[in-house]
Amino acid sequence: MTLLPTSLVGSYPQPDWLIDREKLAGRFPPRVRVNELWRVAPEWLDQAQDDATLLAIRDQERAGLDILTDGEMRRESYSNRFATALNGVDLDNHGEALDRSGHPNPVPRIVGKIKRRHSVQVRDVKFLRANTDRQIKITVPGPFTMSQQAQNDFYESEAEMALDYAAAVNEEIKDLFDAGADYVQIDEPYMQARPEKAREYGLDALNAALDGVKGKTAVHICFGYAAIIHERPEGYSFLPELSECCVNQVSIETAQSNLDTSVLESLRGKTVILGVIDLSTNEIETPETVASRIRRALPHVDADKVIVAPDCGMKYLPREVAFGKMKAMADGAKLVRAEL
């Protein structure tokens, strides 16, 4: 593998002909299905999503990325497609839960035991594998985050609910590796938003989701989409705890928050997916800016344990901006690679 390989965190902007991007940007990331976001009639939607996925794959290849995702073209949000495909969820009568910003949001209402009925993203991996010869990564929502994005009308405790989510995620991850994924990333933004609960039972759920998994796994912790959550804390409220977790890679943001990278010392031994692209601005970084953000981290993490990435998903950026930033990221990594 190349030194300082580059990758997306997960999402890439969906084309305007596929999804109503104004509607998408004007609300919090959906937790339940929101079919009215799609601009394509249901009978053509699978085909349109496949075509959009091909565009995302080619853009990543053209920009020079090493590890490709499917851009999450088939998803209304990072979590809702998986979370609403499980048993135990009442899809007709939604619940309500507070978002990380404190706003109430419609969420899946849990009325029975959470169980995975069938694989949700295996076809996504097979499609990605069939359409690129580079390494590939797919993302799944984490059990702790899904437990925070649900109304619990069934379980005695959230911890018990999170463990059933973990069992569903565990089955899915194993199927995704069998289908050809090189990396599977678990998205756990709520570990940063709700660190006390994450310590109490979130880490147990994350470890349960990874139990017996053979393959390279990552966890993504974040401060929320820059397009929606504007205030950034100085540092992470939940990060050193992940050194105890059995995940191989930890994805963190350092660009927008200008993170003090000495915190990476606490993750020695883990690979760091280093966020070096600021998603709060449409200004495209220069390769030199990207290179300086990579260099800033290298005293605290070994270069062979770094994957270069944006801070978070690129879903809310204009497509030409996302492409420009992605290319600058690949070029910036190349500069540092040459120095090393």
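How closely do the axes of helices H2 and H4 come, and at what angle do they cross? In this predicted model, the axis of H2 (residues 42–63) comes within 11 Å of that of H4, and the two cross at roughly 50°. An angle of this value makes H2 oblique to H4. The crossing is right-handed. By residue class, the contact of H2 with H4 comprises four nonpolar residues, one polar residue and two charged residues.

Helix H4 spans residues 122–130 and includes Asp 124. The relative accessible area of Asp 124 is 1%, and this residue is therefore classed as buried, the cut-off being under 20%. Leaving aside residues up to four places away in sequence, Asp 124 touches Asp 70, Arg 74, Arg 81 and Ile 138.

From H9, the contact draws on Pro 287, Glu 288, Val 290, Ala 291, Ile 294 and Arg 295. The H10 side is made up of Ala 328, Met 329, Asp 331, Gly 332, Ala 333, Leu 335, Val 336 and Glu 339. The residues of this contact between H9 and H10 divide into nine nonpolar, one polar and four charged.

How values were computed. Residues are numbered from 1 along each chain as its sequence is written. This is a predicted model: local features need pLDDT of at least 70, side-chain atom pairs count only at pLDDT 80 or more; totals for chains, interfaces and linings use all residues. Side-chain values use heavy atoms; hydrogens and water are left out. Helices (H or I, at least four residues) and strands (E, at least two) are DSSP runs, numbered from the N terminus. Buried means under 20% relative accessible area, exposed over 50%, partly exposed in between (1.4 Å probe, protein chains only). Contact means heavy atoms within 4.5 Å. Axes are lines fitted to C-alpha atoms, for helices over the stretch in contact, and angles run from 0 to 180 degrees between N-to-C directions. Angles under 35 degrees count as roughly parallel, over 145 as roughly antiparallel, 65 to 115 as roughly perpendicular and the rest as oblique. A crossing is left-handed if the near helix is turned anticlockwise from the far one by less than a right angle, and right-handed if clockwise. Ala, Val, Leu, Ile, Met, Phe, Trp, Tyr, Cys and Pro count as nonpolar, Asp, Glu, Lys and Arg as charged, and the others, Gly among them, as polar.
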